[in-house]
Amino acid sequence: MSLQMVTVGNSIALIQPGFSLMNFDGQVFFFGQKGWPKRSCPTGVFHFEVKHSHLKLKPAVFSKDSCYLPPLRYPATCTFSSNLESEKPQYIIHGGKTPNNELSDKIYVMSVVCKNNKKVTFRCTEKDLVGDVPEGRYGHSIDVVYSRGKSMGVLFGGRSYIPSAQRTTEKWNSVADCLPHVFLVDFEFGCSTSYILPELQDGLSFHVSIARNDTVYILGGHSLANNIRPANLYRIRVDLPLGSPAVECTVLPGGISVSSAILTQINNDEFVIVGGYQLENQKRMVCNIISFKDNKIDIHEMETPDWTPDIKHSKIWFGSNMGNGTVFLGIPGDNKQAVSEAFYFYTLKCAEDDVNEDQKAFTSSQTSAEDPGDSTPFEDSEEFCFSAEANSFDGDDEFDTYNEDDEEDESETGYWITCCSTCDVDINTWVPFYSTELNKPAMIYCSHGDGHWVHAQCMDLAEHTLIQLSEGSNKYYCNEHVEIARALQTPKRVQSLKKPPLRSLHKKGSGKIITPAKKSFLRRLFD
């Protein structure tokens with residue numbers, strides 16, 4: 001295991017609590033930007049590239065037939081293929097927190113439709129569910145099992161807001177453990193079925209889940225109701241015959257007590273658990289290796305990396321799985337120093353460089369930490385952000401900065417976008433109106449005063465006009481301030497016609513005299 005420090009910029013805060021990393025054929029993408037990303041990337045998806053120990057982020061591109069994907073935090077994600085031999089895996093995204101702190105109950109499927117040396121184009125589609133639809137939640141897991149030539153999604157655990165009847169102004173954002181139900185989701189037909197298994201007594205959140213063929217293993221997790229991290233290990237096996245599925249759960253020995261850990265796969269049969277917490281005020285510095293052999297699971301401690309003193313002494317840490325046996329880690333900076341970085345970042349390689357790239361990691365890549373608003377003080381491990389310089393992005397893509405001050409108004413202003421007083425668009429909900437909104441803004445910037453964002457839909461602008469205003473550098477004034485714009489304009493100077501003097505009408509040496517009648521006629525002619 002090798003630990004290496006990563007340098008980042010410090011001007012644009014991009015990564016926020018609850019982010020996820022997705023690995024598409026060796027390329028890593030960041031998902032889950034907190035707040036409204038404006039023109040930087042409407043979906044909060046960025047190419048996540050670490051070269052020579054320096055991190056670069058670049059907004060991703062989506063196809064025109066994609067649906068809108070909100071920048072979700074703390075979702076459950078996993079890879080999915082139509083069959084085990086498929087060469088084009090997709091990512092399943094379920095749940096998570098929206099920028100308005102609401103919990104999503106939707107399922108999105110992300111796939112790559114075009115890939116070249118310069119960019120990757122994604123397609124995102126939303127899956128509608130019928131039957132026992134799982135409620136909106138976060139900190140849970142979703143995995144895919146394969147049995148008898150068929151596949152099925154397995155969803156478990158997480159936290160959700162308390163029922164509406166119990167929500168008050170003081171406890172509006174209070175959360176509780178989800179019921180310990182197991183949901184089977186058919187991604188092809190959109191059917192969802194709930195199963196109650198007597199072995200599962202607690203709705204665990206921020207646990208570790210591993211899918212192997214027709215089996216999902218649930219390890220660790222945190223019970224909010226009891227404030228414990230039970231050292232349980234569950235095996236959930238799913239059989240998919242022609243009729244109804246059969247689900248059974250078995251409690252296995254050898255579990256470990258851990259929550260908010262990061263799981264990465266180093267080869268076909270081995271996984272590594274990094275980070276997490278064993279107590280509410282104690283990080284878990286031990287790494288474990290999980291081995292599968294002859295349908296048996298074995299968990300034992302492994303040699304830990306040479307943790308730096310900063311990592312050892314920090315009370316919190318955070319990160320996510322980059323794939324191919326690599327983990328992205330971060331810790332808070334030392335605020336005792338006069339000049340200190342907000343956070344320090346590392347990459348931890350748990351596998352050798354010659355790792356097999358063709359291995360299939362059908363594992364859950366949950367967010368690696370519990371929600372700081374709902375967990376104990378020392379489990380704020382996702383409360384972080386880091387910055388990237390605007391000039392560190394490749395190409396000439398226009399990139400707006402993320403306003404950190406916006407976070408103070410999160411509960412009141414939704415996406416933190418102000419508009420004119422006559423705006424009839426609800427800022428707490430946003431539906432794509434233009435086909436360009438997947439990579440262009442549905443907003444334009446009014447130049448009056450300090451400036452403010454205006455919904456282009458309210459201005460009744462054509463799509464080509466919106467694109468021109470987005471790409472150009474000319475000042476724009478919205479309908480409310482258009483009179484100001486006109487007053488600021490300098491009237492164009494109109495050149496007046498020159499009137500020839502009357503004396504020039506008498507040609508010298510002509511010997512002809514112009515009569516008063518002709519003079520009057522010529523005046524009318526030239527006037």
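Modeller: Two strands are said to pair if DSSP finds at least two bridges between them, and strands (E, at least two residues) are DSSP runs numbered from the N terminus. This is a predicted model in which local features need pLDDT of at least 70, side-chain atom pairs count only at pLDDT 80 or more, and totals for chains, interfaces and linings use all residues. Residues are numbered from 1 along each chain as its sequence is written, and side-chain values use heavy atoms, with hydrogens and water left out.

Biologist: Which residue in β21 is the bridge partner of Leu 219?

Modeller: Strand β20 covers residues 215-219 and strand β21 residues 233-239. The two pair in the antiparallel sense over five bridges. In β21, Leu 219 has as its bridge partner Leu 233.

Biologist: Is His 455 buried or exposed?

Modeller: An unreviewed UniProt entry lists His 455 under "binding site", together with Cys 419, Cys 423 and Cys 458; such annotations may be inferred rather than shown by experiment. His 455 is found in strand β33 (residues 452-455). Buried means under 20% relative accessible area, exposed over 50%, and partly exposed in between (1.4 Å probe, protein chains only). Because its relative accessible area is 7%, His 455 is buried.

Notes
Helix = DSSP H or I, 4+ residues; strand = E, 2+ residues; numbered from the N terminus.
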